[in-house]
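Okay, thanks everyone, I'll keep this short.

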Amino acid sequence: MNNKLVSKGILTLTLFTLAVCSSCSKDDSGSPSTEQKETIVNNTNSNIKDIRPATHRLEFPRLKGGSSTVLTHKLNTGEVNYSVEWDVVKKSNRWTCYEIYAKNAEKNVPRKPYTDPNQYPFDPLFPANAYYTYDPIYGSGYDHGHICPSEDRKYSRESNDQTFYLSNMQPQVHGFNAGVWETMESKMRTYITAAKISKDTLFICRGGTIDKAGQFMTMRSNVIVPKYFFSAALMKYKVYGKDKWEYKAIGFWFEHKSNNSRSLVPYVVNISELEQLTGIDFFCNLPDDIERKVESVSKEKIIDLWNIQ
């Protein structure tokens, strides 16, 4: 065989291999705020084999599969707003995940008006027969509990309106939704500012328990009502004066009941414990060494690192 043809073939194969490996690189954020990329090395539990690029983002937990699907909402700019793992059979949100960074932390628009006649619209990404023909939360005595809060998406009218899709809702007791859950949401927003120089990113995954026996109940039409709600957050940040990315993580576990507590200390758990409680593998797209490190930190150290009161 002609040596030139062999050399050309090897070069072509090498370039193809590099291209494939490049496509398997794990971008730690799809946001404009973070540019650092980390190649997945010795990562045994990532979503990298999933063909949907959004599922490779750091806010994503490991996908459950089966009767579940992923609904990723993008803005007209192409930017990812948030994603949901939706169980088609249970007709329920398992979790919503999203990012907060300087740009989308800006407050440019008000909350969607309460007077809007289509306050909680059906998700246009719902697969066929994935939801009820009506809004089962309306008139049930439960609040429409945002999983990605409206307050976290006031960057644009489009980003805020998308948070009102029924796929981003779980039935919540009002005294919980407007109580300790809102306290947690507000606290987490304090870690990211709208300062344009900030490169820090917060990766969040939240939801209610819909899988394990004893962790949910049902109301009319067998609509699932979680008995517990959880929040997992990963922070990518730089210490002042240092040019190295650091990571820290925090989990919260709440019983779903009226609770006006302003202290979040009793509800802090590390990610390893939260994974045991929920059966969800959070932040699976991190390199394994970083994942193990941030998930196993003691509760006492987490409280200190995140300044939880």
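One definition before we start: buried here means under 20% relative accessible area. And keep in mind that this is a predicted model.

So, Asn-270. Asn-270 comes out at 15% relative accessibility, and therefore counts as buried. You'll find Asn-270 in the loop between β13 and α5. What does Asn-270 do at the N-terminal end of α5? Asn-270 caps that end, with a side-chain oxygen 3.3 Å from the backbone nitrogen of Ser-272. The Asn-270 side chain also reaches the backbone oxygen of Val-297, at 3.1 Å. Leaving out residues up to four places away in sequence, Asn-270 touches Glu-295, Ser-296, Val-297 and Ile-302.

Now on to the helix. α5 runs over residues 271–278, and its buried residues are Ile-271, Leu-274, Glu-275 and Thr-278. Looking down the axis of α5, those fall within an arc of 105°, so they line one face of the helix. Covering them are, among others, β11, β12, β13 and α6. Just past the helix, Gly-279 has a positive phi of about 80°.

Phe-252 sits in the largest nonpolar core, which has 46 residues, and is one of the members touching the most others, as are Met-188, Trp-306 and Ile-308. Elements giving at least two residues each to this core include α4, β11, β12 and α7. Apart from it there's another core, of 24 residues, including Leu-63 and Phe-283.

Terms used: Residues are numbered from 1 along each chain as its sequence is written. This is a predicted model: local features need pLDDT of at least 70, side-chain atom pairs count only at pLDDT 80 or more; totals for chains, interfaces and linings use all residues. Side-chain values use heavy atoms; hydrogens and water are left out. Buried means under 20% relative accessible area, exposed over 50%, partly exposed in between (1.4 Å probe, protein chains only). Helices (H or I, at least four residues) and strands (E, at least two) are DSSP runs, numbered from the N terminus. The arc is that of the directions from the helix axis to the C-beta atoms. Contact means heavy atoms within 4.5 Å. A polar contact is a pair of N or O atoms within 3.5 Å; within protein, one must be able to donate a hydrogen and the other to accept it, and residues adjacent in sequence count only if both atoms are side-chain atoms. A nonpolar core is a set of buried Ala, Val, Leu, Ile, Met, Phe, Trp, Tyr and Cys residues joined through side-chain atoms within 4.5 Å.
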